[in-house]
Amino acid sequence: MAGRKNALTIDGRKVRFQPGQTLLEVARENGIDVPTLCHLERCKPTGACRVCVVEVKGARSLVTACTMPASDGLDVSTGTDRVLAARRLVIELLMASGEHDCATCESNGACLLQDLAYRYQVEKVRFGRTGEHPPREDSNPLIMRDFSKCILCGRCVQACEEIQVNQAISFGYRGARSKIVAKGDLPLEDSDCVFCGECVQVCPVGALLEKKAKGLGRTWEMNKVRTTCTYCGVGCQIHLHVRNNRVIKVTGVDGARPNHGSLCVKGRFGFEFIHAEDRLTTPLIKDSSGEFRPVDWDEALGHVAGRFMEIRDRRGGGALAGLTSARATNEENYLMQKLVRAGFGTNNVDHCARL
Ligand code: SF4
Ligand code: SF4
Ligand code: SF4
Ligand code: FES
């Protein structure tokens, strides 16, 4: 019957789905919250963590909602005692797998594992740790890798391979020695890593960190200011994480065009110029003695406008030209060409990224 096609029951509700959707997608589309850890938007589901388990009537074992395709007539339960007990056990095992001392962790307050432990009230961890963790890697200036907090969810590997298409990291070793490795287990700076930081952004715990941000503030102490990256003409959308009027770190804005949360090394890590000691913070006018004199914006703009008009009136608009920059926004570039065409009266306008 056409009316029954592509329909399943989830938590007692009959819902429709599109062929190809997973149970996780169907649940979320219908406002049912199924927790995830390893699941990463825009990447193939791996089913690595098993936090998203749900119960399907008639199936012997619980299934992972992020990998299980929706199919006609399934009867799915997302919150039975069996499901909750399984999720608690998974969370407990993940907490036991590393050194999850939240009080001193940089990710405290921004950690999916911590959120899940709270949500499912995992107060005690009954299992001991297995083996030693590799030492923390902080030999490069940008990314710190703390293997003692890595839950081997694989999100970093997927982000590197499927989103940034860099393939710089992968799973290495086996069993208790499993580890995310770069180029056969070299430090990141000796591997194919281009330091885009995508892996840091997607790491759900405190295993990958922006090194420059370490110790400079907790997530809840920072304001997120949305802006546009100034490094090139793509116009990536970024969040500046600001504390006490200082930019602590930069992240991409998830889901926002054109970059959908991804950034390059410049956009993510190249923000120190903002607070550089020798950065110009006030306009300067060179006086007749050749010395620069600090002035306010009104005087500076009046001076520049006066000189432009003087040249235009004496030698014609063709004596002037405007060269714009990919570091400016589209709107600023539009205004620049308008000034040159309408104000100077010339088409002498060009752009550094044209060729
Ligand atoms: S990674 Fe998460 S769970 Fe582990 S110590 Fe840090 S905040 Fe706590
Ligand atoms: S920084 Fe970029 S290139 Fe390097 S491992 Fe992470 S995702 Fe891959
Ligand atoms: S480093 Fe982070 S993202 Fe990568 S596997 Fe470990 S926990 Fe997952
Ligand atoms: S989120 Fe489904 S297995 Fe990890």
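**Exercise 1.** How do the residues of the shell around ligand 2 divide into nonpolar, polar and charged?

*Solution.* Keep in mind that this is a predicted model. Begin by listing the neighbours: ligand 2 is surrounded by Ile-143, Cys-160, Asn-166, Ile-169, Cys-193, Val-194, Phe-195, Cys-196, Gly-197, Glu-198 and Cys-199. Next, sort them, remembering that Cys counts as nonpolar and Gly as polar. The shell comes out as 8 nonpolar, 2 polar and 1 charged.

**Exercise 2.** Check the span of helix 8 against its number of residues, then find what covers its buried residues.

*Solution.* Start with the span. Helix 8 has 15 residues (residues 330–344), so at 1.5 Å a residue it should span 21 Å. Its end C-alpha atoms lie 20 Å apart, which agrees.

Now look at burial. Asn-333, Gln-337, Val-340 and Phe-344 of helix 8 are buried.

Then turn to the cover. The buried residues of helix 8 are covered by elements including helix 7 (297–315), strand 15 (322–324) and strand 16 (349–351).

Finally, step past the end of the helix. Gly-345 follows helix 8, and its phi is positive, near 80 degrees.

**Exercise 3.** How many disulfides does the model hold, and are Cys-43 and Cys-66 buried or exposed?

*Solution.* A disulfide needs two cysteine sulfur atoms within 2.5 Å. By this rule the count is 0 disulfides. Take Cys-43: the nearest cysteine sulfur, that of Cys-160, is 11 Å away, and Cys-43 is in no disulfide.

For burial, the cut-off is under 20% relative accessible area. Cys-43 has 11% relative accessibility, so Cys-43 counts as buried. Cys-66, at 2%, therefore counts as buried too.

Definitions and conventions
Residues numbered from 1 in each chain as written. Chains lettered and ligands numbered in written order. Predicted model: local features only at pLDDT ≥ 70, side-chain atom pairs only at ≥ 80, totals over all residues. Heavy atoms only, no water. Near = heavy atom within 4 Å. Helix = DSSP H or I, 4+ residues; strand = E, 2+ residues; numbered from the N terminus. Expected span 1.5 Å × (residues − 1). Buried < 20%, exposed > 50% of the residue type's maximum accessible area, 1.4 Å probe, protein only. Contact = heavy atoms within 4.5 Å.
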